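Biologist: I have the file open and would like to go through it with you. Can we start with the overall picture and then look at single residues?

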Amino acid sequence: MNSKLSQLLIVICFGFLFFASCKYSYYKAVARPAEQTENKTTSINEMLGNSRYFILRNGNNAYHMKDIRVSDDKKSITSILEKIPVEHDVYIRNTDQKKLKYSTDVEDKERDVLNEAHLFITQDTSINYGTYTLSLDKVNKIEMIQFDREKTANRHTVTGIVVVVGAIVLVALIAIALKSSCPFVSSYYGNEFSLQGEIYGGAIYPQLERHDYLPLQMQPLPDGTLQLKISNELKERQFTDIADLWVITHEKGSHIVADEQGNLFSITSPLPPVRAVLNDHKDVTKSLLFSGDNDQLLMDDTTSTNGSNEVYIKFNNPGHDKNARLVLTLKNSYFLDLLYGEVAKGFGIYYNTYVVEQRKKPLSELTKWTREQQIPLVASVKTSKGWQQVSEITTIGPVATREMAIQLQLPDNSEPFTEVRLSSGFMFWEIDKAGIEYSVDNNFVVQKCKPVAATDHKGNNVLSTLTSEDGYYLSQPNIGDNALLVYQPSLYDSTKATSYILHAKGYYEHVRAFTNKPDVAFLQQFKKPNAFPMFGLSLYKKAMNTELKTVARSN
């Protein structure tokens, strides 16, 4: 193993341990449109639809706004003002933008700050607890609290690296690990474009071209349009055939989640796991209870001899329901990206020839290899006859988590619970949250919107490349290529909530220029099943042993 890889593995391994011990993360207050009364009403209705916890900020005083009702003329709101509980006092106590952080300890409820909406008004000395009607022209500012992914990642990264090898080394090496990703999608939300995730991850050959369904956070611009960007940030050639935006209107208090095939499910209150065990011995229940808390199920090295990780999750099923939706918040690990990069490097100057040969292979042969190497995340349900596989999730990339659903047909079970198994290769996936919902609610309406405008970074009109599934692609062959897409949905229903999903289809190709000679002996091993996860396991253990020896010497 070369020294650079060894350094990176030590950093990543230590980073995993460090993340597990971090006790706080950062949030940010995002200003919502509040210039005019109409803007304020739109912002408030959207946040009500997302079941936000509203807080009225009246000078140095703050109140919980319960049972909010918007007036018929949309010029005022009525609510019941209550005392703020301690778990919702985090932002109120500290408005220093440099110190917006919350505890991620599972016993602490400070993470509830992430669900808050704050209305700032001109000070009113007559306010007291009880029923209160607020004229919206008194609202000076509206803020929505969000998880600050970038600041949290930077904090954990820098702190962990200071302990190990220095921040500069980590930044350089993590950039290498990122190089095998896929097209990035950013949407207009919180008055700026923010990264939402990646599309058709793992579709690195034309035969692997596939549909993908990426959930988005979005907000309309003042002209009512919705906008997103698709960009090439890495050494790739990217080809997108369609990019339709699904605008889904549904009941407030619920949200819409897609499965890998694009089937939609209304999710209201999924039940948390009552127990989750990794590899038959490690209790990981706490890691699956909340999303955005930096307590993720990262799998571990106490794996079986075939390099697999398995987590067994138990949910209550008091009604003995036969239909359910398993809801997961997850992503791929950077570790998987790193391993693929090392294997690709093994082809050396032969890499591009290898890619040409891969393009000639049938889809079945390519997918057979990924399954044999345990790259997909496999979901199974326990039955009286053993474990029955119900789904196989394709790679989605390491940059951002996304929420996905898996439809379950449950067997007859005399016990009031459901047991699910998730399995993959060693440390290939990170699972942030798991839940299950048995109720069925199909009361939603889907608008499938095609872009009305699409402009690339050079100002060229590329709309015709994205309007139909015709093999005529939006081509982005260089780092920095991007396209701005504009959508014009029908009028919104202010009495309902809205969710957004990008339906995209495409593939991409890695651009590599290795100068080393092919390592044939190294590559031969990957013809065997489970070789890829076992390779990762061996590198991880070697790096950990190196780190432990370093620590021992320093002590």
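Biologist: How much of the protein counts as buried?

Modeller: This is a predicted model. Of its 555 residues, 53% count as buried. The protein exposes about 25000 Å², and carbon and sulfur atoms supply 51% of that area.

Biologist: How many helices and strands are there?

Modeller: The protein has 10 helices and 29 strands. Among contacts with a separation of 6 or more, 78% are between residues 24 or more positions apart.

Biologist: Let's take a sheet. What is the strand order in the open sheet of 5 strands?

Modeller: The order is E10-E9-E12-E28-E26, and the pairing is antiparallel. Strand E10 (192–198) and strand E26 (453–456) stand at the edges with a single partner strand each, so one side of each has no neighbour in the sheet. On average, neighbouring strands of this sheet are turned by 25° against each other, direction ignored.

Biologist: And how many bridges join E9 to E10?

Modeller: Strand E9 (residues 184–189) is joined to E10 by 6 bridges, and the two run antiparallel. One of the pairs is Phe-184 with Glu-198, the latter in E10.

Biologist: Which residues of H2 are buried?

Modeller: Lys-40, Thr-41, Ser-43, Ile-44, Asn-45, Glu-46, Met-47, Leu-48 and Gly-49 are buried. After H2 comes Ser-51, with a positive phi near 55°.

Biologist: Where are Asn-279 and Gln-374?

Modeller: Both are in loops. Asn-279 sits between strand E16 (275–278) and strand E17 (282–283), while Gln-374 sits between helix H8 (363–372) and strand E20 (377–383).

Biologist: Is Asn-279 buried or exposed, and what about Gln-374?

Modeller: Asn-279 has a relative accessible area of 15% and is buried. Gln-374 is buried as well, at 14%.

Biologist: What about Gln-373, buried or exposed?

Modeller: Gln-373 is buried, with a relative accessible area of 0%. This residue also lies in the loop between H8 and E20.

Biologist: What does the side chain of Gln-373 reach?

Modeller: The side chain of Gln-373 reaches the backbone nitrogen of Ala-531 at 3.0 Å. A polar atom of that side chain also lies 2.9 Å from the backbone oxygen of Lys-528. Leaving aside neighbours within four places in sequence, Gln-373 is in contact with residues including Phe-428, Phe-526, Pro-529, Asn-530, Phe-532 and Pro-533.

Biologist: Last one, Glu-82. Which strand is it in?

Modeller: Glu-82 is in strand E4 (residues 76–82). Its relative accessibility is 28%, so Glu-82 counts as partly exposed.

Biologist: Which residues is Glu-82 in contact with?

Modeller: With neighbours within four places in sequence left aside, Glu-82 is in contact with Tyr-63, His-64, Lys-66 and Tyr-129. The C-alpha atoms of Glu-82 and Thr-131 are separated by 9.3 Å, and these two residues are 49 residues apart along the chain.

Terms used
Residues are numbered from 1 along each chain as its sequence is written. This is a predicted model: local features need pLDDT of at least 70, side-chain atom pairs count only at pLDDT 80 or more; totals for chains, interfaces and linings use all residues. Side-chain values use heavy atoms; hydrogens and water are left out. Helices (H or I, at least four residues) and strands (E, at least two) are DSSP runs, numbered from the N terminus. Buried means under 20% relative accessible area, exposed over 50%, partly exposed in between (1.4 Å probe, protein chains only). Contact means heavy atoms within 4.5 Å. Accessible areas come from the Shrake-Rupley method with a 1.4 Å probe; for residues, only the protein chains shown count as cover. Two strands pair if DSSP finds at least two bridges between them. Axes are lines fitted to C-alpha atoms, for helices over the stretch in contact, and angles run from 0 to 180 degrees between N-to-C directions. A polar contact is a pair of N or O atoms within 3.5 Å; within protein, one must be able to donate a hydrogen and the other to accept it, and residues adjacent in sequence count only if both atoms are side-chain atoms.
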